Amino acid sequence: MTEENHKGPSRRAFLTGAGAAAAGTLAGGASAAQADPGIAIHPWMQELGDGVDVAPYGMPSPHEADVKRRTVEWLTADPVSSINFTPLHDLDGTITPNGLCFERHHSGVAKVDPAKHRLMINGLVDKPLVLTMDDLHRFPRENHVYFLECAANSGMEWRGSQLNGCQFTHGMIHNVQYTGVPLRLVLEEAGVKPEGKWLLAEGADAAAMSRSIPMEKALDDCLVAFKMNGEALRPEQGYPVRLVVPGWEGNMWVKWLRRLEVGDRPWHHREETSKYTDLMADGVARRFTWEMDAKSVITSPSPQAPITHGPGPTVLTGLAWSGRGTIPRVDVTLDGGITWHQARMDGPSTPKALHRFYFDFEWDGKPLLLQSRAHDSTGYVQPTKDALRAVRGENSIYHNNGIQTWAVDADGKAENVEIS
């Protein structure tokens with residue numbers, strides 16, 4: 001394999017080609033409107049639009065109605081304990097709109113009245129507390145952008161290509177700005193006893209979702225969050241308050257947070273024993289594999305975002321992330337790993353958040369085998385699926401961060417395939 005820098009088509013060349021095409025079309029005195037009916041006079045150019053109060057809460061254009069979360073009905077037995085997926089192929093930048101953040105529920109969406117909701121801190125503490133939402137709002141607050149990824153993201157791909165679209169292979173992830181109180185401040189208010197080494201977070205949903213968290217992590221960067229992207233949490237995202245556990249698997253980010261119990265050992269509840277453990281090839285399960293390793297995916301071109309413009313200047317884009325830091329570099333290949341090119345990173349680069357990458361190239365209309373490979377700030381490099389299976393086997397559901405491949409044919413259509 002060779003490593004090389006690749007310069008995509010220049011803006012000047014692109015505009016020169018477009019201008020030449022327009023000049024050819026207009027030769028002989030044809031009008032611009034005849035050349036492109038799109039610049040004709042349309043009804044919206046002559047009619048008054050809606051006033052400012054028609055939509056007090058703004059919504060996307062109806063022309064964007066297809067940009068939505070989707071589920072795969074056969075994945076789970078019941079929709080109240082199920083998952084839907086973020087439409088990564090339709091998004092750009094790094095921030096996920098609130099209404100498109102994937103959902104994962106174990107007993108449906110809890111409909112919580114914030115005036116009646118309470119957060120209890122108990123166990124090995126000096127002063128047990130019961131806090132209202134008003135109490136929480138009086139603590140010092142912070143704003144941080146983090147990704148949230150379900151440990152089962154890409155889980156269907158362990159034994160080969162399954163779901164045709166990055167929304168379904170990688171869409172159990174979103175990236176928002178959280179506003180909340182550092183968890184350490186709440187714990188300091190209660191006073192953690194010296195023997196308090198673990199924390200149990202429990203939700204107010206009917207499943208009583210709960211996870212054990214080491215005290216070192218709880219006192220490090222966790223948040224008790226009540227807003228996302230500037231507005232209140234959506235009900236499906238844990239309204240009125242949830243736990244944020246940056247860089248760690250999403251099952252630990254307990255929604256509808258109602259209780260924090262300090263203890264001297266982990267609780268070994270269902271979600272950390274029979275679930276959310278990694279079954280190895282020899283039948284032994286790894287547990288407490290909290291951190292999400294570096295991972296990336298090309299979001300366009302991809303099965304749900306084919307190349308429709310034909311040969312010529314083409315923009316490849318995707319997302320990369322790591323639960324251990326930032327993503328300083330992403331490599332992409334157009335030929336299945338024979339030749340790698342360094343992608344262009346763009347937008348903010350903050351720890352444990354999504355990073356956007358681009359690669360601009362001239363497509364010649366020939367088939368492509370697209371892959372991306374993330375490097376994180378610790379030096380870790382995203383592995384191939386074969387390299388991952390050599391260590392983990394194929395029995396697991398969780399923590400699949402292997403390199404994804406899209407095969408693009410001469411018509412620009414893409415398909416989920418596996419070549420490594």
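## A walk through the sheet

Start by selecting residues 119-123 and 257-263: these are strands β2 and β11, and they pair in the parallel sense over four bridges. What you have open is a predicted model, so keep that in mind as you look around.

Now pick out I121. Which residue is its bridge partner in β11? Select L260, and you have found it.

Next, bring in the neighbours. β2 and β11 belong to an open sheet of five strands, and reading across you get β3-β2-β11-β6-β7, with mixed pairing. Head out to the edges by selecting 129-131 for β3 and 210-214 for β7. Each of these has a single partner strand, so one of its sides is left without a neighbour in the sheet.

Time to zoom out and select the whole chain. You can count seven helices and 22 strands. The C-alpha trace spans about 85 × 60 × 40 Å along its principal axes. For 420 residues, a compact globule would have a radius of gyration near 22 Å, and the chain's 24 Å agrees with that.

Last stop: colour by burial and surface. Buried residues make up 49% of the 420 in the chain. The chain exposes about 19,700 Å², with carbon and sulfur atoms supplying 54% of that area.

Terms used
Residues are numbered from 1 along each chain as its sequence is written. This is a predicted model: local features need pLDDT of at least 70, side-chain atom pairs count only at pLDDT 80 or more; totals for chains, interfaces and linings use all residues. Side-chain values use heavy atoms; hydrogens and water are left out. Two strands pair if DSSP finds at least two bridges between them. Helices (H or I, at least four residues) and strands (E, at least two) are DSSP runs, numbered from the N terminus. The radius of gyration is taken over C-alpha atoms; the globule rule is 2.2 Å times the number of residues to the power 0.38. Buried means under 20% relative accessible area, exposed over 50%, partly exposed in between (1.4 Å probe, protein chains only). Accessible areas come from the Shrake-Rupley method with a 1.4 Å probe; for residues, only the protein chains shown count as cover.
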